[in-house]
Amino acid sequence: MSDPSPVRPAVPVLDVWCELQCPDCRGALDDVRALRARYGDRLELRLRHFPLEKHKHSFAAAQAAEEALEQGRGWEFVEAVLGRVAELDRAGEPFLVEVARELGLDAEEFDTALIDGRHILIVDADQAEGKAIGVSGTPTYVIDGERLDGGKSQDGLRERIEQIADRLLAAQE
């Protein structure tokens, strides 16, 4: 039996390669917020992890972000941590658990997740994929196969992402 309902095309995906201890990612936060506000569920923003060795808490922060995603508050957690990078630098993992508690997440589960490493494979896979496609720093964006490197300058990146997203959405109509 065939289903007569039309098949909705998948929404365009923007991969956001991020590192939660990165000051440049903190600087990109306004652009990410603006994109989320402008497109809502018409554009899927996917958090991708690219922890940098120079930041000693970045790998734990990536795992914590995955736990927040699992608990349904991923972007809120990411924004809260990026907004307080200096505190993460100073306090490390206890800070990540505290942010979870402040957001009303299950902080004990966060602590357990950081201890048992249940999200390590996701973080490792993201990092490996990032290296394979040429990500070398954060933030880096990938949309419709185009890689846009944020690094020190976000100038023009949001506009370029919007151009691509608008083109992809128009093609679906």
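From α5 you've got Glu 93, Leu 96, Val 97, Ala 100 and Arg 101, and they meet Ala 107, Phe 110, Asp 111 and Leu 114 in α6. Sorted by class, that α5 to α6 contact has 6 nonpolar residues, 3 charged ones and no polar ones. And keep in mind, please, that this is a predicted model.

Now the geometry. Two packed helices are described by the angle between their axes and the distance between the axes. Here, α5 covers residues 93–102 and α6 covers residues 107–116, and their axes come within 8 Å, crossing at roughly 150°. The cut-off for roughly antiparallel is over 145 degrees, so α5 and α6 are roughly antiparallel to each other. As for handedness, α5 passes α6 in a right-handed crossing.

Which residues does Leu 96 touch once you leave aside its neighbours within four places in sequence? The list is Ala 60, Ala 61, Ala 64, Phe 77, Val 81, Leu 88 and Phe 110. Leu 96 also shows up in the largest nonpolar core, which has 45 residues; the members touching the most other members there are Leu 14, Leu 20, Phe 77, Leu 96 and Tyr 141. Apart from that one lies another core, this one of 5 residues, with Trp 17, Phe 50, Leu 52 and Val 142 among them.

The crossing of α1 past α8 is right-handed.

Who makes the contact? On the α1 side, Asp 30, Asp 31, Ala 34, Leu 35, Arg 38 and Tyr 39; on the α8 side, Arg 158, Ile 161, Glu 162, Ala 165, Asp 166 and Leu 169. By class, α1 with α8 comes out as 6 nonpolar and 6 charged residues, with no polar ones.

Last stop, Ala 165, which sits in helix α8. Is Ala 165 buried or exposed? It's buried, because its relative accessible area is 0%, and the cut-off for buried is under 20%. Skipping neighbours within four places in sequence, Ala 165 is in contact with Tyr 39, Leu 43 and Ile 143.

Note on methods. Residues numbered from 1 in each chain as written. Predicted model: local features only at pLDDT ≥ 70, side-chain atom pairs only at ≥ 80, totals over all residues. Heavy atoms only, no water. Axes fitted to C-alpha atoms, helices over the stretch in contact; angles between N-to-C directions. Helix = DSSP H or I, 4+ residues; strand = E, 2+ residues; numbered from the N terminus. Parallel < 35°, antiparallel > 145°, perpendicular 65-115°, else oblique. Left-handed = near helix turned anticlockwise from the far one by under 90°. Contact = heavy atoms within 4.5 Å. Nonpolar A, V, L, I, M, F, W, Y, C, P; charged D, E, K, R; others polar. Core = buried A, V, L, I, M, F, W, Y, C linked by side-chain atoms within 4.5 Å. Buried < 20%, exposed > 50% of the residue type's maximum accessible area, 1.4 Å probe, protein only.
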